[in-house]
Amino acid sequence: MLVFFVVTYAVAALGGLATEVGPGSWYAGLQKASFNPPNWVFPVAWNLLYATIALAGWLIWKRGERKALHWWAAQLVFNLAWSWIFFRGHAAVWALAEMLVLWLLIATTVAKFWRIDTRAGALLLPYLAWVTFAITLNGAIVALN
């Protein structure tokens with residue numbers, strides 16, 4: 001289990017290196033949707049989500065279903081890429097396109113995990129819901145800027 005948490009939180013840390021949200025940052029200067037949460041919500045939500053992502057991966061690994069873990073790994077790579085595309089690349093449109101692929105990867109991972117262990121699939125549903133919301137936020141930034 002520890003390996004799954006280390007890998008997942010390493011992705012979180014690498015994504016965090018790309019994130020610029022403070023005063024004077026590119027992100028701070030963007031127009032955002034009226035329903036955009038305050039900045040402090042994002043690390044809280046993501047820390048909880050990363051825990052469920054790690055736990056879901058571990059449950060599948062315990063079942064010996066290594067092929068399904070390829071989907072888990074792929075969605076983590078795309079999860080990480082979004083932060084770099086959006087925050088460091090300042091490319092909201094490309095980040096939105098990338099996030100749509102991320103959403104498909106998560107949905108596929110949920111479906112594959114669900115067939116193996118419903119708990120693992122269910123653990124990823126909040127992640128899928130949050131990324132759905134994030135697509136809306138990213139889309140609003142594209143539309144407003």
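Colleague: Which residues in helix 4 meet which residues in helix 6?

Modeller: Please keep in mind that this is a predicted model. On the side of helix 4, which covers residues 92-116, the residues in contact are Ala92, Val93, Ala95, Leu96, Met99, Leu100, Leu102, Trp103, Ile106, Ala107, Val110 and Trp114. Their partners in helix 6 are Leu125, Tyr127, Leu128, Val131, Thr132, Ala134, Ile135, Asn138, Gly139, Ile141 and Val142. If you sort the residues of this contact by kind, you find 20 nonpolar, 3 polar and no charged.

The next step is to see how the pair is arranged, and two packed helices are described by the angle between their axes and the distance between the axes. For helix 4 and helix 6 (residues 125-144), the angle is about 165° and the axes lie 10 Å apart. An angle over 145 degrees counts as roughly antiparallel, and helix 4 and helix 6 are therefore roughly antiparallel to each other. The crossing of helix 4 past helix 6 is left-handed.

Asp117 is buried, with a relative accessible area of 5%, and its side chain meets that of Arg119 in a salt bridge at 2.8 Å, N to O. Asp117 also forms a salt bridge with Arg63, with the closest N and O atoms 3.7 Å apart. Taken together, Arg63, Asp117 and Arg119 are linked in a network of salt bridges.

Key:
Residues are numbered from 1 along each chain as its sequence is written. This is a predicted model: local features need pLDDT of at least 70, side-chain atom pairs count only at pLDDT 80 or more; totals for chains, interfaces and linings use all residues. Side-chain values use heavy atoms; hydrogens and water are left out. Axes are lines fitted to C-alpha atoms, for helices over the stretch in contact, and angles run from 0 to 180 degrees between N-to-C directions. Helices (H or I, at least four residues) and strands (E, at least two) are DSSP runs, numbered from the N terminus. Angles under 35 degrees count as roughly parallel, over 145 as roughly antiparallel, 65 to 115 as roughly perpendicular and the rest as oblique. A crossing is left-handed if the near helix is turned anticlockwise from the far one by less than a right angle, and right-handed if clockwise. Contact means heavy atoms within 4.5 Å. Ala, Val, Leu, Ile, Met, Phe, Trp, Tyr, Cys and Pro count as nonpolar, Asp, Glu, Lys and Arg as charged, and the others, Gly among them, as polar. A salt bridge is a side-chain nitrogen of Lys or Arg within 4 Å of a carboxyl oxygen of Asp or Glu. Buried means under 20% relative accessible area, exposed over 50%, partly exposed in between (1.4 Å probe, protein chains only).
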